[in-house]
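Work through the exercises below with the structure in view. Try each task before you read its solution.

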Amino acid sequence: GNSVTQMEGPVTLSEEAFLTINCTYTATGYPSLFWYVQYPGEGLQLLLKATKADDKGSNKGFEATYRKETTSFHLEKGSVQVSDSAVYFCALGNNAGNMLTFGGGTRLMVKP
Amino acid sequence: EAQVTQNPRYLITVTGKKLTVTCSQNMNHEYMSWYRQDPGLGLRQIYYSMNVEVTDKGDVPEGYKVSRKEKRNFPLILESPSPNQTSLYFCASSLGGFRNTEAFFGQGTRLTVV
C-alpha cells in the first residue's frame with residue numbers, strides 16, 4: 001500500500017532561519033502530493049500541492065517540488081516566522097481519489 | 001462561510017456506551033471521510049464516502065460505523081467504544097476526490113473512552 005514518511009520533530013528554529021522538512025513516499029500509480037498545516041486547536045489546512053512529477057507547489061513563502069526519481073516532496077521556506085509554528089503533514093492522494101495517506105507530522109517551533 | 005462542522009468538540013465517555021460524532025459540510029462536496037489522529041502516526045482513514053449511500057472502509061474501520069443518507073452529513077458511530085478508540089477525530093470533505101481537489105477539515109473531536 002501507499003505510505004508517507006516524514007522527519008520527526010520537533011524542529012526548533014530561530015526567526016528568519018531556513019526551513020526544510022523532509023518527506024518521502026511509496027505509492028503505486030500517479031498520486032498527488034500535499035502539505036497540510038495544523039495550527040493549535042484547529043483542523044488541517046492545505047498549504048500547497050503538486051499533482052504530477054516535477055510540479056512545484058508554493059504558498060505563503062513555502063515551496064515543495066514533486067520529485068519522482070527520489071520519491072520525495074520536501075517542504076522548504078527561506079525565512080520562517082514565529083507565526084509559522086505549527087504541525088506540518090505531508091500527504092499523498094491516491095489514484096482513486098478516495099484516500100489521503102499522511103505522514104506522522106512534524107512539529108515546527110519558531111523562536112523570536 | 002464554507003466549512004466542515006463537527007460536534008461535539010470534546011467528549012468523555014465510558015466503555016460500551018454508544019455514541020455518535022456528527023459531521024456536516026455546506027460546500028456540496030461529493031467526498032467525505034473520517035480520520036483519527038494519534039501521536040506519531042499522523043492521520044489514518046477510518047471510512048470514506050464518495051456519494052449519498054456509498055461508503056467504504058479505510059485503513060482502520062474496526063469498531064466504527066458510518067452512514068451517508070444526505071450529501072451534507074456523514075456521522076461517525078461507535079456502537080461499543082473501547083479505550084483504544086481514545087483519539088482525536090477529524091472529518092474531511094472534498095469536491096472532486098482527495099487526489100485532485102483540496103480537502104477541508106473540521107476542527108476535530110477529542111474523544112476519551114474510560
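**Exercise 1: A sheet in chain B**

Strand 3 (residues 19-25) and strand 8 (residues 76-78) of chain B run antiparallel and are joined by three bridges. This is a predicted model: local features need pLDDT of at least 70, side-chain atom pairs count only at pLDDT 80 or more, and totals for chains, interfaces and linings use all residues. Residues are numbered from 1 along each chain as its sequence is written, chains are lettered from A and ligands numbered from 1 in the order in which they are written, and side-chain values use heavy atoms, without hydrogens and water.

Solution: 
1. Recall the rule: strands of a sheet pair through backbone hydrogen bonds, either parallel or antiparallel.
2. Strands are DSSP runs of E, at least two residues, numbered from the N terminus. Two strands pair if DSSP finds at least two bridges between them.
3. Look across from B:Val21: B:Leu76 of strand 8 stands opposite.

**Exercise 2: Chain A as a whole**

Task: What are the secondary structure and the radius of gyration of chain A?

Solution: 
1. Count the elements: chain A has 12 strands and zero helices.
2. Compare sizes. The radius of gyration (over C-alpha atoms) of chain A is 13 Å, close to the 13 Å of the globule rule for 112 residues, so chain A is as compact as a globular protein of that length. That rule is 2.2 Å times the number of residues to the power 0.38.

Definitions and conventions
Helix = DSSP H or I, 4+ residues; strand = E, 2+ residues; numbered from the N terminus.
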